[in-house]
Amino acid sequence: MTEERDRPLSESLDSHSQEPPSEAERALEKEARLPLTGWQQEVSRGLDLGLEGADSIRDRSIPTFSRGELPHYAGINTFLKAPYLEDVKKVGEYNVAVVGVPHDSGTTYRPGTRFGPQGIRRISALYTPYSFELGVDLREQITLCDVGDIFTIPANNEKSFDQISKGIAHIFSSGAFPIILGGDHSIGYPTVRGICRHLGDKKVGIIHFDRHVDTQETDLDERMHTCPWFHATNIKNAPPKNLVQLGIGGWQVPREGVKFYRERASNILTVTDITEKGLDYAVDFALERALDGTDCVYISFDIDCIDAGFVPGTGWPEPGGLLPREALYMLGKIVQRAPICGLEVVEVSPPYDISDMTALMAARVICDTMGHLVVSGQLPRKEKPAYIHEEAEPELVAEWR
Ligand SMILES: [Mn+2]
């Protein structure tokens with residue numbers, strides 16, 4: 001120790017220069033390689049559509065009417081201020097499509113997730129399209145649109161499910177990567193059903209971040225937000241052996257849902273499992289099981305997998321959950337190593353939120369997913385993935401109906 005302390009600072013820094021570059025150092029290099037073409041196009045478009053700025057404005061890239069990213073507090077809120085695609089028939093022209101599912105008729109305690117899509121879009125205005133660590137600039141590297149919301153039917157889960165499946169099937173089959181803003185977790189069944197309509201004989205593994213198992217057949221006599229995976233894994237394209245659940249635990253896991261596990265042998269890691277065995281173990285566990293015999297992986301991210309202290313704006317908050325950086329680490333590694341076919345982020349309930357923190361967490365999960373898809377070369381897609389097929393009604397496994 002004494003020797004280390006006595007060495008001159010220059011020598012000590014010199015020995016560090018032999019080490020591999022840090023993430024921060026790599027980030028500086030990556031940024032230098034990113035283009036600015038998309039940004040320049042946005043500026044020209046802003047000046048064209050929003051008029052040149054007043055004479056006193058020295059920065060001549062600033063228009064009179066805000067158009068595009070800046071300033072962050074201004075403008076009409078789509079997700080990340082992406083173009084609003086009113087004509088959904090054109091969704092296949094984009095690499096990624098964000099869609100809201102404002103549905104909370106499946107909640108069994110606190111409602112409010114019907115405002116989730118609005119809340120996530122509003123706070124997403126805080127974000128730039130650039131991530132320092134990832135060295136990704138979404139504006140430069142992919143095309144993103146916001147198709148608005150599915151027309152859900154309040155107080156009718158089944159009709160809403162039909163609308164959701166039809167909408168998700170449409171986006172998925174176009175080749176645009178679907179990102180779904182929930183909504184309560186009952187939407188996990190119709191979103192997966194929508195994807196399965198276009199899988200032909202291909203299969204999807206589901207990686208589910210949550211504190212709750214959500215595997216009951218019914219709850220309060222309906223298919224509520226406690227039930228999506230019972231029904232999704234009844235579809236032949238989504239076998240229960242490929243359902244992986246990360247972060248389960250606490251005092252809100254219904255015994256009825258636990259029964260499902262004994263019968264169908266799915267895969268759970270509790271928060272303690274994850275912290276004791278390590279994040280990399282959890283990532284390997286999830287990928288091994290979700291990818292066993294499947295062609296793609298769907299990610300269902302319930303915001304309540306994170307400790308309730310970070311995400312107060314949710315339907316069933318549960319203390320003792322994952323730290324945000326633990327969840328983001330696992331998500332990033334999983335996205336980088338699996339063919340991901342879609343993402344949903346559910347259970348953000350803005351009426352119970354504080355300072356938009358829960359909605360911001362959802363925006364972060366979404367932006368990180370897009371960033372890791374770019375880093376791993378999954379986006380932009382050069383062609384439609386081979387697992388996307390013509391529409392067919394997904395087959396159910398009869399004995400579990
Ligand atoms: Mn949950």
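User: Two strands pair if DSSP finds at least two bridges between them. How many bridges join β7 to strand β8?

Analyst: The model is predicted: local features need pLDDT of at least 70, side-chain atom pairs count only at pLDDT 80 or more, and totals for chains, interfaces and linings use all residues. Residues are numbered from 1 along each chain as its sequence is written. Strands (E, at least two residues) and helices (H or I, at least four) are DSSP runs numbered from the N terminus. Strand β8 covers residues 267-270 and runs parallel to β7, and the number of bridges that join them is four.

User: In which order do the eight strands of the open sheet stand?

Analyst: The pairing in this sheet is parallel. The eight strands stand in the order β4-β1-β5-β10-β9-β6-β7-β8.

User: Which strands stand at the edges, each with a single partner strand?

Analyst: The order of the open sheet begins with β4 and ends with β8. Each of these two has a single partner strand, so one side of each is left without a neighbour in the sheet. The edge strands are therefore β4 (144-149) and β8.

User: By what angle are neighbouring strands of this sheet turned against each other on average?

Analyst: Axes are lines fitted to C-alpha atoms, for helices over the stretch in contact, and angles run from 0 to 180 degrees between N-to-C directions. For the average over neighbouring strands, direction is ignored, and the value is 15°.

User: Is strand β7 largely enclosed or exposed?

Analyst: A residue is buried if 20 or more other C-beta atoms lie within 10 Å of its own, exposed if 12 or fewer, and partly exposed in between, with C-beta atoms placed from the backbone. Strand β7 spans residues 243-248, and six of its six residues are buried. By that count, β7 is largely enclosed.

User: Which residue in β7 stands opposite histidine 208?

Analyst: Strand β6 (residues 204-209) runs parallel to β7, and four bridges join them. On the β8 side, leucine 246 stands opposite leucine 269. The residue in β7 opposite histidine 208 is glutamine 245.

User: Which helix makes a β-α-β unit with β7 and β8?

Analyst: A crossover is right-handed if, with the strands pointing away from the viewer, the path from the first strand over the helix to the second runs clockwise. The unit with β7 and β8 is right-handed. Its helix, residues 255-264, is α10.

User: What angle does the direction of helix α12 make with that of β7?

Analyst: Two residues are in contact if their C-beta atoms, placed from the backbone, lie within 7 Å. Helix α8 (residues 188-196) lies across β5, β6, β9 and β10, running at about 165° to β10. Helix α12 (residues 279-290) packs on the sheet, touching β6, β7, β8 and β9. The angle between α12 and β7 is about 155°.

User: Where does glycine 183 lie?

Analyst: A cis peptide bond, with omega about 15°, joins glycine 182 and glycine 183. Another cis bond runs from leucine 379 to proline 380, with omega near -5°. Glycine 183 lies in the loop between β5 and α8.

User: Against which elements do the buried residues of α5 pack?

Analyst: Helix α5 (residues 116-124) is largely enclosed by the rest of the structure because seven of its nine residues are buried. Among them are Ile120, Arg121 and Ile123. These buried residues pack against β1 (96-101), β4, β5 and α14.

User: What radius of gyration does the protein chain have?

Analyst: The radius of gyration is taken over C-alpha atoms, and the globule rule is 2.2 Å times the number of residues to the power 0.38. For 401 residues, a compact globule would have a value near 21 Å, with which the chain agrees. The radius of gyration of the protein chain is 22 Å.
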